[in-house]
Amino acid sequence: MSEQIQLDFDKIIKTSKFSNEEIQSKKIFLKKFIENGFPNRKQEDWKFLDINQIIKKNIGDLSFFNDYSLPNKIDPSNFVDGLEHNKIIFINGRIEKIDFSYEDQNKIEIKDEIEKNISFDYQNSLIDLNSAFINKVFKIIVSKNYSLKKPLIIYHSTNDKVKSTNVNLRLDFELGENSCLRLIDFFTDNTNKNFINIFYNFNLLKDSILKNYKIDKFKNDNLKYSFNNIEQKDNSVSETFILSAGSDYFKNEINCNLNGEYSSAFINGVFSLKENQQHEIRTTINHLVENTKSYQLIKSVLGKNAKSAYQGKIFVNSKAQKTDGYQLSKAILLDQTSEFNAKPELEIYADDVKCSHGSASGSLNEESIFYLMSRGLNYRQSKELLINGFLLDVVEKITDSEIKNLIKNIIGLKE
Amino acid sequence: MDTREKDIEKLKDYKYGFTTDIENIKAPKGLNHDVIKFISNIKKEPQWMLDFRLKAYERLKLLKEPDWQKPKYPKIDYQNLYYYSAPKSMKDKPKSLDELDPKLLETYKKLGIPLQEQARLNGIAVDAVFDSVSVATTFKGELTKHGIIFCSMSEAIQKHPDLVKKYLGTVIPVTDHFYATLNSAVFTDGSFVYIPEGVKCPMELSTYFRINASETGQFERTLIVADKGSYVSYLEGCTAPMRDENQLHAANVELIALDDAEIKYSTVQNWYPGDENGKGGIYNFVTKRGLCKGKNSKISWTQVETGSAITWKYPSCILKGDNSIGEFYSIAITNNHQKADTGTKMIHLGKNTKSKIISKGISAGFSDMTYRGLVDISSKAKNSSNYTQCDSLLMGNKCGAHTVPYIKNKNFDSNIAHEATTSKISEEQLHYCQQRGLNPEEAVGLIVNGFCKEVLQQLPMEFAVEAQKLVGISLEGSVG
C-alpha cells in the first residue's frame with residue numbers, strides 16, 4: 001500500500017498549487033501515516049469495528065489521488081427544501097461553494113490558511129492521513145455577539161468521477177464570545193465505494209453555542225469517518241446530534257474538552273441500521289474544571305447483519321469537582337444476526353461528582369407488541385410504532401425546533 | 001475505649017506483617033528448564049506433569065507481559081526470583097497434624113487459624129499453604145466418608161492422577177496469557193477438591209495462603225471439580241509478611257461444574273498492601289476462571305479485596321451448559337497507594353444462561369481503582385440475560401475510580417442491562433449518623449458497610465464477620 005500512497009501523493013503535489021512550507025508539513029504527516037497505517041482492532045479505540053479490515057473487504061485497493069484542479073458541477077436537486085439556509089458545498093473533496101448570503105457579511109470571516117500543526121494530542125493515523133492529503137482547509141470565524149440567522153448546511157457529496165478513492169475534508173470553526181452557530185452536515189452520496197475522512201475543529205469561546213446535526217440517511221456504500229474536536233470555554237454549550245443510517249460504514253468520533261466553568265456538552269445519537277451496515281460512535285468528554293456537565297444518549301435499532309458500537313468515555317480531572325456526567329445507550333436487536341457492542345467508560349479522579357452510565361440491549365418487548373395488537377394493529381404496525389417511539393425519544397432532545405422537525409421528516413418519525 | 005476501637009488499635013498496622021524463622025529449601029534463583037525440572041523432581045511428579053510444565057514454559061518464552069492494565073508497575077525481573085520455597089521440615093511430609101513443625105503451627109495460630117483447634121471446633125476443613133507448599137489439611141476423615149477429595153495439589157497428582165490429568169488445564173490452558181502460563185510452568189502447590197456425584201459437601205472447605213520467604217513468588221494452583229448434582233462452598237484467605245520489596249503472587253484457579261452442580265467460591269484477600277508511602281506489598285496477578293460445563297450448573301464468585309499493592313484479576317465464568325448461572329459479587333477497597341484493576345468476565349455460550357454482577361469499589365487516599373468487565377452473549381446463547389451493577393465510592397480528590405465495561409450482545413433474544421454510578425458519602429448521610437451519636441469514623445464505617453451490604457451478604461457467616469472488620473480497618477485514617 002505504501003508505494004501506491006507515495007505515488008498518489010506525488011501526483012497531488014504536482015497537480016495542485018501548494019506552497020513549499022505546506023508541502024513540507026504534508027510530507028511529515030504522510031510519513032507518520034505510512035508508519036502507522038490504517039487503525040486496526042489491536043488498537044483499543046478500534047476494537048469493535050476494524051477499519052483496516054473493512055476497507056480491505058469493502059473497497060480493496062484504495063486510491064489516494066484526487067484531482068483538485070477541476071471544478072465539479074453542483075446539483076441543486078440535492079438541496080434541502082423548506083428551510084432557508086447558508087451553504088457550504090463539498091464535492092469529491094473540493095469546496096465548490098461557500099454561501100453566507102443570509103448573514104451580515106462583516107460578522108463572518110473565512111480564512112483559508114490555518115496553523116500547520118494540530119493543537120491537541122492525538123493518536124489517530126486517520127488525522128495524519130487527512131492532513132497529508134487535504135486540499136484546502138478553511139477556517140470560519142463567527143464574530144463576537146453574532147448569532148447566525150439561518151442554519152449552515154454543509155453538503156457532502158461524491159459523484160461518479162471518484163471511485164474507490166479516499167476523500168478528505170477539514171474545516172475549522174471559531175465561535176466568538178456570545179455567538180451562535182447551527183450547523184447541519186448533510187450527506188448525499190453516489191455509491192462508489194469511497195472512503196471519506198472528515199475532520200472538524202471547533203473552538204467555542206465564552207457563552208457561545210454550537211449545534212451540530214449530522215444526517216447520514218440515504219443508503220450508499222461509502223465508508224465514512226468523522227472526527228470532531230471541540231474546545232469549550234466558560235459557559236459555552238455544544239450540542240451534537242448524529243443520525244447514522246445511510247453508509248455501509250460510519251464512525252463518528254467526538255473529543256470534547258470542557259475547559260471553562262459551567263460549560264456543557266450534549267451528544268445524542270441514533271443508529272438505524274439495515275443489512276450489513278456497521279456503524280460506531282465513540283465519544284470522549286474531558287471534564288477539566290469545576291461545574292461542567294455532559295449528557296449522552298445513544299439508541300440503536302439493528303436489522304439483519306447490522307452491527308453498531310458505542311464507546312463513550314467520561315473523564316473527570318481531580319480539579320473538576322461538581323461534575324455532572326451521564327451516559328445512556330440502548331439497543332433493539334431485530335434479527336438473529338444483529339450485534340450491539342458497548343463500552344461505556346468512566347475515569348474519575350474527583351470525589352464530589354455525579355457520574356453514571358447505563359446500557360441496555362435486547363429484543364422488542366413481546367408484551368408491548370401484544371398490547372398493541374390486541375388494540376387492532378397488525379404485527380408490523382406494532383413493531384414500527386414501538387421503534388418509532390424508541391427513536392423519537394432521542395430526536396426530541398434536539399433543542400432547535402425548526403431542525404427537529406426537519407430531522408423528524410427525514411427519518412419519517414411520527415409524533 | 002470500646003471494643004471496636006480496641007480492635008482497630010490492635011489491627012491498625014498490618015496484623016499479619018510478622019515473618020517466621022523457618023529453614024527453607026529453595027530452588028536456585030531464576031526461571032529455566034532446570035528449575036522446572038527441580039520443582040517437578042522434588043515433588044516426585046510423574047512424567048506427564050513435567051511435560052505439562054515444559055510445554056507451558058516453551059509457550060511462555062513466546063509470550064509478552066500484557067500492558068493494557070491501568071496500574072503500571074516497574075518491570076519484574078523473572079530471573080531474580082525463587083520459584084520454589086518450602087519449609088525444610090516438610091521434606092518428609094508429616095502424616096498428621098501432631099507431626100507438624102511447632103513453629104509452623106505457631107504461625108498459623110498468629111494468623112488466626114489454629115489448625116488443631118479448628119479441626120475440632122469450627123467444623124471447617126482447612127488446607128494451609130505456606131509459601132509454596134500445602135502444609136496441613138484438616139478434617140480428612142469426615143470428608144473421606146462422603147467420598148470428597150480435599151488435599152494439596154501435589155498429593156492429588158500422586159494419588160488421583162486420573163482426575164488431575166482429566167481436568168487440569170481445561171479451563172485455563174497452558175496457552176493462556178503470560179501470568180497464567182507462568183503459573184502452569186512453575187506452580188508448586190495449591191488445593192485440589194473433587195466432589196463426587198450427588199454429594200453436598202457437609203462443611204465449608206477453606207485454604208489459607210501465606211507467603212513467608214523473601215524474593216519468592218507464590219504460584220499456587222487450585223482445581224475444584226464438582227461432579228453431577230453436587231455442591232461445594234470454598235473459602236480462601238491470604239496474608240503475607242511486611243517487606244520492602246514487592247512480591248509476586250500469580251495463582252491459577254480453575255473451577256469446573258458439571259450438570260446440576262454448584263460451586264461457591266469466596267475470597268478474602270488481605271495480602272500485605274505496602275506501607276502508607278506505597279513501598280513494598282504484593283503484586284496479586286491471579287487468573288480465576290470457572291466453567292459451567294454441564295446443564296443447570298452454577299458458579300458464584302464472591303471476593304473481598306482489601307490487600308495487595310496491585311490487585312489485577314478477573315474471576316470469570318464461562319457459561320457453556322444450557323440454563324447455567326454465573327454470579328460475581330465483589331468489594332474492592334484501596335487506600336494509600338494501592339491499586340486495583342479487577343472485575344469479571346461472563347461469557348454466555350449456552351441457551352438460557354444467566355449472569356449477575358454486583359461490584360462495589362471504594363477508593364481512598366492516593367489509590368486508584370478500576371472495574372473492568374466483559375459481558376459477551378454469543379449468537380447461540382438464546383434467551384440469556386445479564387444484569388450488571390457497579391458502584392464506586394470516592395473518598396478525597398487524590399484517588400481515582402474508573403469503570404470500563406465491555407458489553408457485546410450478538411443475540412436478539414437476550415437482554416443485557418448495565419448500570420454504574422460514582423459518588424461520595426454525602427454530608428447529609430454523615431450528619432444524620434453523627435446527630436444520632438456516632439463519631440465521624442463510625443459514621444463512615446456504617447455507611448460503607450451499608451454500601452457493601454449486597455456483597456457481604458453473599459459470604460459465609462465466618463467470613464462475613466472478618467470481612468466486615470477488614471472493611472473498617474482498610475479505610476482507617478481516610479476520613480476527616
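Asp207(A) counts as buried, because it has 21 C-beta neighbours inside 10 Å. Buried here means 20 or more other C-beta atoms within 10 Å of a residue's own, exposed means 12 or fewer, and partly exposed is in between, with C-beta atoms placed from the backbone. Before going on, keep in mind that this is a predicted model, where local features need pLDDT of at least 70, side-chain atom pairs count only at pLDDT 80 or more, and totals for chains, interfaces and linings use all residues. Residues are numbered from 1 along each chain as its sequence is written, while chains are lettered from A and ligands numbered from 1 in the order in which they are written.

Most residues other than glycine have a negative phi. Here are two that go the other way.

| Residue | Phi | Loop | C-beta atoms within 10 Å |
|---|---|---|---|
| Ser308(B) | positive, about 75 degrees | between β14 (298–305) and β15 of chain B | 29 others |

Strand and helix names follow DSSP runs (H or I of at least four residues for helices, E of at least two for strands), numbered from the N terminus.

**Domains of chain A**

Chain A splits into domain 1 (2–260) and domain 2 (367–415), with bounds that come from an automatic or database domain assignment. Their C-alpha centres are 31 Å apart. Eleven residues of domain 1 of chain A and nine of domain 2 of chain A make up the contact, where contact means C-beta atoms, placed from the backbone, within 7 Å. On the domain 1 side, β7 (180–189), β9 (209–216) and β11 (237–244) of chain A each bring at least two residues. That side has seven nonpolar residues, no polar ones and four charged. For these classes, Ala, Val, Leu, Ile, Met, Phe, Trp, Tyr, Cys and Pro are nonpolar, Asp, Glu, Lys and Arg are charged, and the others, Gly among them, are polar.

**The nonpolar core**

What is the size of the largest nonpolar core, and which residues have the most contacts inside it? It has 214 residues, with Val193(B) and Ile263(B) having the most contacts. A core of this kind is a set of buried Ala, Val, Leu, Ile, Met, Phe, Trp, Tyr and Cys residues joined through C-beta atoms within 7 Å. Helix α11 (residues 440–456) of chain B gives the largest share, seven residues. Domain 1 (2–260) and domain 2 (367–415) of chain A both contribute to this core, so it lies between them. Beyond four places in sequence, the contacts of Ile263(B) include Ile224(B), Tyr234(B) and Leu255(B).

**A covered strand in chain B**

Strand β18 (residues 339–342) of chain B is covered on both faces: Lys339(B) and Asp341(B) are buried on one side, Ala340(B) and Thr342(B) on the other. β18(B) pairs in the parallel sense with β15 (residues 310–313) of chain B over four bridges; DSSP must find at least two bridges for a pair. Lys313(B) has Thr342(B) as its bridge partner. β18(B) also runs parallel to β21 (residues 368–377) of chain B, again over four bridges, with Asp341(B) opposite Thr370(B).

**Where the chains meet**

Chain A puts 31 residues into the contact and chain B 29. β18(A) (339–348) and β19(A) (354–362) are the elements giving two or more residues to the chain A side, and β18(A) gives the most, ten. β19(A) pairs antiparallel with β24 (residues 415–424) of chain B over seven bridges, and there His357(A) is partnered with Ala420(B).

Terms used
Contact = placed C-beta atoms within 7 Å.
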